Amino acid sequence: MKPIRVLIAKPGLDGHDRGAKVVAQALRDAGMEVIYTGLRQTPEMVVKAALEEDVDVVGLSLHSGAHMTLFPRVLQLLQEAGLGHVLLTGGGVIPEKERLALQEQGVGTLFGPGTPTSALAAYIEEEVARRRASG
Amino acid sequence: MSVADAILRGDRQALARGLSQVEALGAEAVALLDAVWSRTGRARRVGITGPPGAGKSTLVARLVRLFREADRKVGVVAVDPSSAFTGGALLGDRHRMSREAFDEQVFVRSLASRGSLGGLSRAAPAALDLMDAAGFDLLLVETVGVGQVEIEVAATADSVVVVLSPESGDAVQAMKAGLLEIADVLCINKSDREGADALAASLESMLDRREAPWRPPVVRTNALESAAALHEALAAHAAYLDENGHLEERRNEGFTRRLRNLVADLVAEAVLGGAGPEIDQAVADVSAGRRSILGAARRAAEAIVP
């Protein structure tokens with residue numbers, strides 16, 4: 001079976017990439033192919049990379065407070081690029097209410113501080129299996 | 001429209017999907033590659049290899065910028081190792097070229113080596129074939145220069161750059177790894193660091209003892225600033241290839257090598273698929289002390305292919 005491919009990106013201007021690196025490593029250890037794109041990515045850069053790398057998942061790490069702008073923007077660009085099948089997920093400091101609002105718009109589950117990385121890996125595995133099965 | 005047609009028309013998403021098929025190396029990949037083969041051969045391929053930490057990805061980013069300034073359409077295949085334990089991989093080359101990769105005329109694909117024996121040596125050159133057919137003028141393939149397969153992949157290119165840095169060890173280390181013999185250009189990166197002169201001198205003296213129609217130039221770069229010297233050396237090698245049919249000769253040698261390896265792999269797979277009893281017998285002979293490994297292997301091979 002094709003390994004799960006995940007793009008990990010940090011859009012926006014905050015420079016805190018430790019969380020993103022920990023997540024990238026944890027997903028690699030869970031057997032996934034993780035493309036790490038690093039800091040200061042624009043939504044357009046994230047989506048171009050997601051397309052070229054043919055990923056199953058895009059994970060955004062956000063600590064800047066711009067999540068209500070950046071997640072919907074990436075989601076919209078993914079859809080416009082014909083990548084509606086790609087799971088958009090991520091984490092950072094995001095209040096519960098806004099997390100739910102984003103999920104309602106079609107973003108996947110978002111994870112807050114203190115989430116064990118195994119929970120994230122399990123969620124991705126399950127969600128990708130479901131999406132691959134539904135074609 | 002088929003995936004192959006879409007790729008030939010420059011559809012980027014089709015290319016991305018096609019590359020995934022090629023990586024999986026299944027029946028889909030064979031059909032796709034057959035369908036586009038006649039459209040390959042136009043792109044120039046440059047292989048970049050060298051020890052970890054020599055600065056290959058940063059150098060590739062700089063080269064991409066220079067080739068873009070010359071208005072070439074650039075494809076990059078960056079190979080990183082998969083974990084032998086989990087099969088996962090952390091592909092970080094894109095990280096070093098995020099600005100260059102954003103250009104619409106640049107396509108970057110990260111490949112994991114995926115551990116399986118021979119997998120990478122089939123998948124990576126085939127990925128380049130697909131990008132070639134998709135209409136890129138210049139293809140860069142970057143691999144870590146440890147391990148025969150990674151080195152071989154870089155060696156399938158028209159021009160091979162071996163990147164060393166003053167702290168990556170002396171010229172003897174590079175020679176041991178089999179890097180020097182495949183180099184068309186030797187690039188000392190991080191050349192502002194101590195030891196660059198000594199490394200350059202020892203590389204030159206090794207080249208003095210080698211007789212070949214093309215003497216690899218030893219160029220110095222500091223990839224944080226510029227890769228202009230490397231870009232010029234590549235232009236010189238390209239000009240050399242364009243003279244007297246060198247390019248055609250080199251490509252034919254490359255096809256022969258790739259074909260021989262592939263046919264050998266495929267035959268071995270086909271033959272070994274049904275050779276369980278002979279191998280079991282050989283293992284039993286070795287464990288019981290009746291035969292050496294070499295002796296038992298020969299006997300099994302003769303039993304399988306009389």
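First, the conventions. The model is predicted, so local features need pLDDT of at least 70 and side-chain atom pairs count only at pLDDT 80 or more, while totals for chains, interfaces and linings use all residues. Residues are numbered from 1 along each chain as its sequence is written, and chains are lettered from A and ligands numbered from 1 in the order in which they are written.

I start with the contact between the chains. Chain A puts in 25 residues and chain B puts in 25 residues; two residues are in contact if their C-beta atoms, placed from the backbone, lie within 7 Å. On chain A, helix H1 (18-29), strand E2 (33-41) and helix H2 (43-52) each supply at least two residues. Helices here are DSSP runs of H or I with at least four residues, strands are runs of E with at least two, and both are numbered from the N terminus. E2(A) gives the largest share of that side, seven residues.

Next, the sheet. Six strands form an open sheet with parallel pairing, in the order E5(A)-E4(A)-E3(A)-E1(A)-E2(A)-E3(B). Because E5(A) and E3(B) stand at the edges with a single partner strand each, one side of each has no neighbour in the sheet. Strands pair if DSSP finds at least two bridges between them. Between E2(A) and E3(B), residues 89-91, there are three bridges, and Ile35(A) has Leu91(B) as its bridge partner. Six bridges join E1(A), residues 5-11, to E2(A), where Arg5(A) stands opposite Glu33(A).

What lies across E1, E2 and E3 of chain A? That is H2(A), running at about 170° to E1(A). Axes are lines fitted to C-alpha atoms, for helices over the stretch in contact, and angles run from 0 to 180 degrees between N-to-C directions.

Last, the core. The largest nonpolar core has 116 residues, and Val34(A), Val58(A) and Ala127(B) have the most contacts inside it. Such a core is a set of buried Ala, Val, Leu, Ile, Met, Phe, Trp, Tyr and Cys residues joined through C-beta atoms within 7 Å. Buried means 20 or more other C-beta atoms within 10 Å of the residue's own, exposed means 12 or fewer, and partly exposed is in between, with C-beta atoms placed from the backbone. Helix H6 of chain B, residues 119-133, gives the most to this core, with nine residues. Among the residues that Ala127(B) touches are Leu19(B) and Val77(B).

By contrast, Arg130(A), in helix H5 of chain A, is exposed because it has 10 other C-beta atoms within 10 Å.

Key. Lists of a residue's contacts leave out its neighbours within four places in sequence.
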